[in-house]
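Keep the sequence at hand as you read.

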Amino acid sequence: MGILDIEVWEKDSKKHEERLGTCKVDIAALPVKQANCLELPLESCLGTILMLVTLTPCTGVSVSDLCVCPLADPSERKQIAQRYCLQNSLKDMKDIGLLQVKVLKAVDLLAADFSGKSDPFCLLELGNDRLQTHTVYKNLNPEWNKVFTFPIKDIHDVLEVTVFDEDGDKPPDFLGKVAIPLLSIRDGQTNCYVLKNKDLEQAFKGVIYLEMDLIYNPVKASIRTFTPREKRFVEDNRKLSKKILSRDVDRVKKITMAIWNTTQLLKSCFQWESTLKSSIAFMVFLVTVWNFELYMIPLALLLLFIYNFISPVKGKVSSIQDSQESTYIDEEEDEEDKESEKKGLIERIYMVQDIVSTVQNILEEIASFGERIKNTFNWTVPFLSFLACLILVIATITLYFIPLRYIILIWGINKFTKKLRNPYTIDNNELLDFLSRVPSDVQKVQYAELKPCSNQSPLRKKRSIP
């Protein structure tokens with residue numbers, strides 16, 4: 001408890017930053033577990049900040065040695081499991097669960113120093129929580145043996161474990177990274193993860209050993225799925241990249257081709273290119289339209305989920321491999337990109353860069369949106385697909401028994417009165433919030449666990465330049 005310093009900064013497209021003003025908040029003077037609406041004037045410039053501050057005691061975040069492992073004590077583990085059991089599903093909806101991570105050791109890390117050694121430490125990030133180990137000096141096979149405990153705010157978060165080399169006053173050097181979705185964690189097992197590069201697309205040098213335990217309440221986790229995701233405080237400033245732009249164009253092209261093929265299939269049915277296919281389509285059309293009821297829309301989507309669930313999984317492994325091939329970055333292209341960057345660094349026009357960067361982001365958003373819809377029906381994340389099936393069952397039953405006008409009335413009344421009931425509520429779209437939890441094809445590659453035998457050294461011989 002103390003003084004909270006707040007700074008307002010301005011940043012333009014040329015990476016120029018300027019501090020506009022500051023203000024302070026006395027945390028000790030605010031009541032706990034109560035929303036405090038504050039209007040704070042900035043000290044060094046005109047303007048005010050309107051903010052809503054709620055102080056909530058945070059439990060669960062901790063760092064300890066292996067000998068003081070919280071979940072190792074059976075009585076404490078039972079007490080924590082009881083807190084997240086189904087009977088307590090409606091208590092403290094923000095407290096979804098608990099994650100315990102044992103960072104044991106790393107093996108065969110990259111040598112970052114001239115001495116052929118490294119000074120590695122490990123950084124763990126879950127949402128906006130960031131914890132790190134101590135540094136093991138002059139070692140390529142460090143043993144940390146630390147236990148990290150995180151409170152779970154969203155079961156669809158991804159644990160990012162990054163190994164760095166401490167470099168004194170300079171920024172630390174990157175030694176490898178892994179991203180582990182919480183829903184993929186196998187409780188109580190010591191797992192060996194191959195470290196990846198910064199883009200999480202290729203194997204890097206070294207492996208890391210982790211042991212994780214996850215305890216959560218599925219009801220709270222399901223309800224949280226339909227609320228906006230928490231934004232990361234640390235910005236990921238993406239650079240303009242020819243390879244990423246080309247990859248996003250290919251991703252959008254695949255979605256466009258899928259829509260085009262479906263359109264052509266319907267067109268061929270109308271033109272009777274195949275008598276059998278058109279006859280079946282015509283009979284299905286007549287029967288469907290004659291007997292159509294609104295509840296059949298979620299029922300049809302539910303049948304699609306069931307079909308993909310019982311059909312053989314023929315494309316999941318190959319799709320990951322195809323995505324890895326499409327996201328593979330050839331070393332020669334990287335060399336050419338670096339050379340062109342050096343030549344055109346001074347002449348680069350910021351306006352053109354911003355336009356192309358915006359197009360790149362829009363393409364990525366379109367591609368990711370289509371891939372997330374596809375991966376929802378493909379059971380990429382079973383938890384989300386089961387949740388979608390449950391919602392569709394409820395929607396089918398509701399539309400079957402309740403007239404549509406009543407449903408629209410309830411929806412409209414809720415939307416119109418939401419701000420009256422809670423002035424500080426954040427308007428959201430539940431469907432988009434749900435889809436934001438489904439990984440895109442690129443994220444599937446990033447989250448895929450590599451086998452230790454496929455680990456390859458990132459150090460390759462540079463091609464000779466005549």
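This report covers salt bridges, a surface patch and cysteines.

The model is predicted, so local features need pLDDT of at least 70 and side-chain atom pairs count only at pLDDT 80 or more, while totals for chains, interfaces and linings use all residues. Residues are numbered from 1 along each chain as its sequence is written, and side-chain values use heavy atoms, with hydrogens and water left out.

**Salt bridges**

The structure holds 14 salt bridges. A salt bridge here is a side-chain nitrogen of Lys or Arg within 4 Å of a carboxyl oxygen of Asp or Glu.

| Pair | N to O distance |
|---|---|
| Glu125 and Arg130 | 2.5 Å |
| Arg437 and Asp154 | 2.7 Å |
| Lys374 and Asp441 | 2.8 Å |

Take Arg437 and Asp154, which form a salt bridge. This pair links distant parts of the chain, 283 residues apart. Arg437 sits in the loop between helix 11 (430-435) and helix 12 (441-447). Asp154 sits in the loop between strand 9 (143-152) and strand 10 (158-165). Helices (H or I, at least four residues) and strands (E, at least two) are DSSP runs, numbered from the N terminus.

How accessible are these two? Arg437 is buried at 4% relative accessibility, and Asp154 is buried at 3%. Buried means under 20% relative accessible area, exposed means over 50%, and partly exposed lies in between (1.4 Å probe, protein chains only).

Next come Lys374 and Asp441, joined by a salt bridge. Lys374 lies in helix 8 (residues 350-377) and Asp441 in helix 12, so the pair ties together parts that are 67 residues apart in sequence. Lys374 is partly exposed at 36%. Asp441 is buried at 13%.

Glu125 pairs with Arg130. Glu125 is buried, with a relative accessible area of 8%. Arg130 is partly exposed at 43%.

**A charged patch**

Which residues form the negative surface patch? They are Glu10, Asp12, Glu17 and Glu18. Patch residues have over 30% relative accessible area and no salt bridge, and like charges are joined within 9 Å. Asp12 is in the loop between strand 1 (3-11) and strand 2 (17-26). Asp12 counts as partly exposed because its relative accessibility is 31%.

**Cysteines**

A disulfide is a covalent bond between the sulfur atoms of two cysteines. Cys37 is partly exposed at 42% relative accessibility. Cys122 is buried at 0%.

Methods
Patches are made of residues with over 30% relative accessible area and no salt bridge: like charges are joined within 9 Å, nonpolar side chains (Val, Leu, Ile, Met, Phe, Trp, Tyr) within 5 Å. Accessible areas come from the Shrake-Rupley method with a 1.4 Å probe; for residues, only the protein chains shown count as cover. Lys and Arg count as positive and Asp and Glu as negative; His and the chain ends are not counted. The place of a charge is taken as NZ of Lys, CZ of Arg, CG of Asp or CD of Glu.
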